[in-house]
Amino acid sequence: MIEDKNQQRTQLSDLGEFGLIDHLTKHFKIKQNSTVKGIGDDAAVLKFDDKKIVVTTDLLIEGVHFDLGYMPLKHLGYKAVMVNLSDVYAMNATATQITVSIAVSNRFPLEALEDLYAGIEAASALYQVDLVGGDTTSSNKGLLISVTAIGTLEGDSEVYRSGAKPNDLLVVSGDFGAAYMGLQVLEREKEVFKVNPNSQPDLELYSYIIERQLKPEARQDIIKLLKDLDVKPTSMIDVSDGLSSEIIHICKQSQVGCDLYEEKIPLDPQVISTCEEFNIDSTTVALNGGEDYELLFTISQDDYTKIKANPNLTVIGHIKEEREGLHLVTRADTRIPIKAQGWKGFND
Ligand code: ADP
Ligand code: MG
């Protein structure tokens with residue numbers, strides 16, 4: 001045992017996820033000229049012989065990030081790749097390789113891991129990335145899966161979280177809140193199943209939102225679309241933790257404020273009807289639900305005509321001066337400050 005001489009005890013929940021990362025890493029100095037961008041964006045940017053690449057990694061833990069009670073292993077494999085590719089696309093890069101590391105307890109038979117890898121294979125085939133390595137080890141309990149994704153950049157095409165300017169438009173791909181509501185439905189069905197194992201749930205009404213929870217797609221198509229439209233975002237981030245958290249990241253790192261219009265936030269009809277059924281406010285779900293894996297970005301007003309007719313993209317607000325703050329402009333035309341949520345990870 002390592003003797004603990006440090007008597008001070010600080011709760012991790014006091015720091016929050018980003019406070020913790022910052023606290024642990026702030027003394028690390030960049031030593032290599034090849035490190036263009038280190039910690040603090042969706043992926044790191046490295047440059048070798050004038051060629052830039054991006055690297056990003058994510059760790060998923062059973063019982064924290066997924067529940068095998070309703071998450072089939074094949075879907076888990078697929079999703080573990082998607083959450084990483086999403087960070088690569090958020091840098092405006094092309095994903096090229098992945099590594100996959102797993103820790104498994106002996107409760108899993110070979111066939112289960114074959115299912116996991118079938119999902120990884122399906123994702124790799126569809127998104128044209130090569131599985132080039134990883135690590136395999138045992139765990140005392142449960143399953144851990146960590147994926148690292150690598151991507152390439154053309155010239156200086158990278159887009160950081162920090163480039164938003166006042167008057168830029170705030171744009172999103174897709175719609176929001178579906179993965180969260182899909183999870184609510186799956187959790188409810190799990191409880192019903194516990195009471196009555198013979199129940200045959202009819203999930204037809206919830207097909208879209210369940211698919212968004214179990215089989216998200218990273219928005220490679222949007223990166224290609226933006227290139228085809230000749231639009232380079234001024235800043236970009238992927239939406240993994242909820243729209244409000246990602247808007248805060250962009251505004252903080254760009255030192256700007258923003259107005260976000262509630263009525264503009266794209267919602268699928270299934271999200272609206274399921275929110276009504278669960279008696280939850282759909283705007284709250286869209287802002288704080290998370291796991292949407294859509295892209296949130298800012299563009300110059302000059303590029304508006306290039307994107308305005310596109311059904312995949314929605315302008316949800318605009319960037320303002322930092323001193324003006326971050327606000328949600330509600331349907332009733334009131335202005336509510338957008339605030340960071342506590343970090344779920346250490347508060348549970
Ligand atoms: P994302 O939500 O896009 O995956 P994160 O919020 O996980 O990004 O991480 C934010 C930044 O902090 C990233 O640059 C990430 O690489 C870095 N980071 C996260 N955890 C650690 C850690 N334990 N040590 C060093 N850097 C970390
Ligand atoms: Mg990200």
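Trainee: Which residues of helix H5 (residues 207-214) are called buried, and what makes a residue count as buried?

Mentor: In this predicted model, the buried residues of H5 are Ile209, Ile210, Arg212, Gln213 and Leu214. The word applies because buried means under 20% relative accessible area.

Trainee: What covers the buried residues of H5?

Mentor: The cover includes helix H2 (73-89), helix H4 (178-195), helix H8 (269-278) and strand S10 (294-299).

Trainee: Why is isoleucine 39 called exposed?

Mentor: Isoleucine 39, which is found in the loop between S1 and S2, has a relative accessible area of 60%. Exposed means over 50%, and therefore isoleucine 39, at 60%, is called exposed.

Trainee: Which nonpolar patch on the surface includes Ile39?

Mentor: Phe18, Ile21 and Ile39 form that patch, and together they have about 280 Å² of accessible area.

Trainee: Why is proline 166 called partly exposed?

Mentor: Proline 166, in the loop between S6 and strand S7 (169-173), has a relative accessible area of 28%. Since buried means under 20% and exposed over 50%, with partly exposed in between, the value of 28% puts proline 166 in the partly exposed class.

Trainee: What is proline 166 in contact with, leaving aside its neighbours within four places in sequence?

Mentor: Proline 166 is in contact with Val256, Ile319, Lys320 and Glu321, where contact means heavy atoms within 4.5 Å. As for valine 256, it lies 90 residues apart from proline 166 along the chain, and the C-alpha atoms of the two are separated by 6.6 Å.

Trainee: How do you know that strand S1 (35-37) and strand S5 (130-138) are edge strands?

Mentor: Six strands form an open sheet in the order S1-S2-S3-S6-S4-S5, with mixed pairing. S1 and S5 are the edge strands, and each of them pairs on one side only. Neighbouring strands of this sheet are turned by 25° against each other on average, direction ignored.

Trainee: How do you know that strand S2 (residues 44-48) and strand S3 (residues 51-61) pair?

Mentor: Two strands pair if DSSP finds at least two bridges between them. Five bridges join S2 to S3, and therefore the two strands count as paired. They run antiparallel, and alanine 44 stands opposite valine 55 in S3.

Trainee: Which helices pack on the sheet?

Mentor: H2 packs on the sheet and touches S3, strand S4 (94-104) and strand S6 (143-152), its direction making about 35° with that of S6. Helix H3 (residues 110-127) also packs on the sheet, touching S4, S5 and S6, and the direction of H3 makes about 170° with that of S4.

Terms used: Residues numbered from 1 in each chain as written. Chains lettered and ligands numbered in written order. Predicted model: local features only at pLDDT ≥ 70, side-chain atom pairs only at ≥ 80, totals over all residues. Heavy atoms only, no water. Buried < 20%, exposed > 50% of the residue type's maximum accessible area, 1.4 Å probe, protein only. Helix = DSSP H or I, 4+ residues; strand = E, 2+ residues; numbered from the N terminus. Axes fitted to C-alpha atoms, helices over the stretch in contact; angles between N-to-C directions. Patch = residues over 30% accessible without salt bridge, like charges linked within 9 Å, V, L, I, M, F, W, Y side chains within 5 Å. Areas by Shrake-Rupley, 256 points an atom, 1.4 Å probe, with all protein chains shown as cover. Salt bridge = Lys/Arg side-chain N within 4 Å of Asp/Glu carboxyl O.
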